Amino acid sequence: RNERRLRVHSVQADQQRMNATRRVSTMSAYSVHEIRTGTSGVAREYVSPQGKVFAVFYHGPFLGEGNQLLASYAQRIAPALQSVHKGQHRGGPVTVQLPSLVYHLSGHMRSYTVRAYLPGSVPQGVNLEELQ
């Protein structure tokens, strides 16, 4: 099975697929790859020193853009999302907690926010509340 893994090279693929610009900032425990899409979306992918994406944040007009950042993890949350509001996001927050992934969706049409992270991959000392 050829799943796209959440690695630093997947960030580059996201940038190309979204026809976006990318800026990288380096912090002490991780780097932030900020992608600005042509549709006014902003995505931030948080990468550990080992090159693994451990969290993503997306704010923009299209929910699909945000969920595409999750790579193969999107398939893991799909069943849980289908059970919420019969698969239709009708506003209000939605949280899915799996052993390997925490996913939070909020917003409304043309203004979605997606926050997701891999609890087992967050570098020591990183405060998830600061990642936006």
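Reader: Let's start with Ala78. Where does Ala78 lie?

Author: Ala78 lies in helix 3. Keep in mind that this is a predicted model.

Reader: Why is Ala78 called partly exposed?

Author: Its relative accessible area is 34%. Buried means under 20% and exposed means over 50%. The value for Ala78 falls in between, so the residue is partly exposed.

Reader: How far apart are Ala78 and Val96?

Author: In sequence, they are 18 residues apart, and in space their C-alpha atoms are 9.8 Å apart.

Reader: OK, what about Ser40? Why does Ser40 count as exposed?

Author: Ser40 has 63% relative accessibility, and exposed means over 50%. The value passes that cut-off, so Ser40 counts as exposed. You'll find Ser40 in the loop between strand 2 and strand 3.

Reader: Which loop holds Arg110, then?

Author: Arg110 sits in the loop between strand 6 and strand 7. Arg110 also has a positive phi, about 75°, although it is not a glycine.

Reader: How do you know that Arg110 is exposed?

Author: Its relative accessible area is 64%. The cut-off for exposed is over 50%, so Arg110 is exposed.

Reader: Let's zoom out. How many helices and strands does the protein have?

Author: Three helices and seven strands. Starting at the N terminus, the elements go α-β-β-β-β-α-α-β-β-β.

Reader: What order do the seven strands take in the open sheet?

Author: The order is 1-2-3-4-7-6-5, and the pairing is antiparallel.

Reader: What makes strand 1 and strand 5 stand at the edges?

Author: Each of them has a single partner strand, so one side of each is left without a neighbour in the sheet. On average, neighbouring strands of this sheet are turned by 10° against each other, direction ignored.

Reader: How do you know that strand 5 and strand 6 pair?

Author: Count the bridges: five join strand 5 to strand 6, and the two run antiparallel. Pairing takes at least two bridges, so five is enough for these strands to pair. If you'd like to look at one residue there, the bridge partner of Val94 is Leu105 in strand 6.

Reader: Which strands does helix 3 touch?

Author: Helix 3 packs on the sheet and touches strand 5 and strand 6. The direction of helix 3 makes about 120° with that of strand 5.

Reader: And which strands does helix 1 lie across?

Author: Helix 1 (residues 8-17) lies across strand 1, strand 2, strand 3 and strand 4, and runs at about 15° to strand 2.

Reader: Which residues have the most contacts inside the largest nonpolar core?

Author: Leu70, Ile77, Tyr103 and Leu105 do, in a core of 24 residues. Elements giving two or more residues to this core include helix 3, strand 5 and strand 6. There's also a second, separate core of nine residues, with Ala29, Val32, Tyr46 and Ala55 among them.

Reader: Why can the residues of a core be called buried?

Author: A nonpolar core is, by definition, a set of buried residues, joined through side-chain atoms within 4.5 Å. In soluble globular proteins, nonpolar side chains tend to be buried together.

Reader: How much of the protein do buried residues make up?

Author: They make up 44% of the 132 residues. To count there, a residue needs a relative accessible area under 20%.

Notes. Residues are numbered from 1 along each chain as its sequence is written. This is a predicted model: local features need pLDDT of at least 70, side-chain atom pairs count only at pLDDT 80 or more; totals for chains, interfaces and linings use all residues. Side-chain values use heavy atoms; hydrogens and water are left out. Helices (H or I, at least four residues) and strands (E, at least two) are DSSP runs, numbered from the N terminus. Buried means under 20% relative accessible area, exposed over 50%, partly exposed in between (1.4 Å probe, protein chains only). Axes are lines fitted to C-alpha atoms, for helices over the stretch in contact, and angles run from 0 to 180 degrees between N-to-C directions. Contact means heavy atoms within 4.5 Å.
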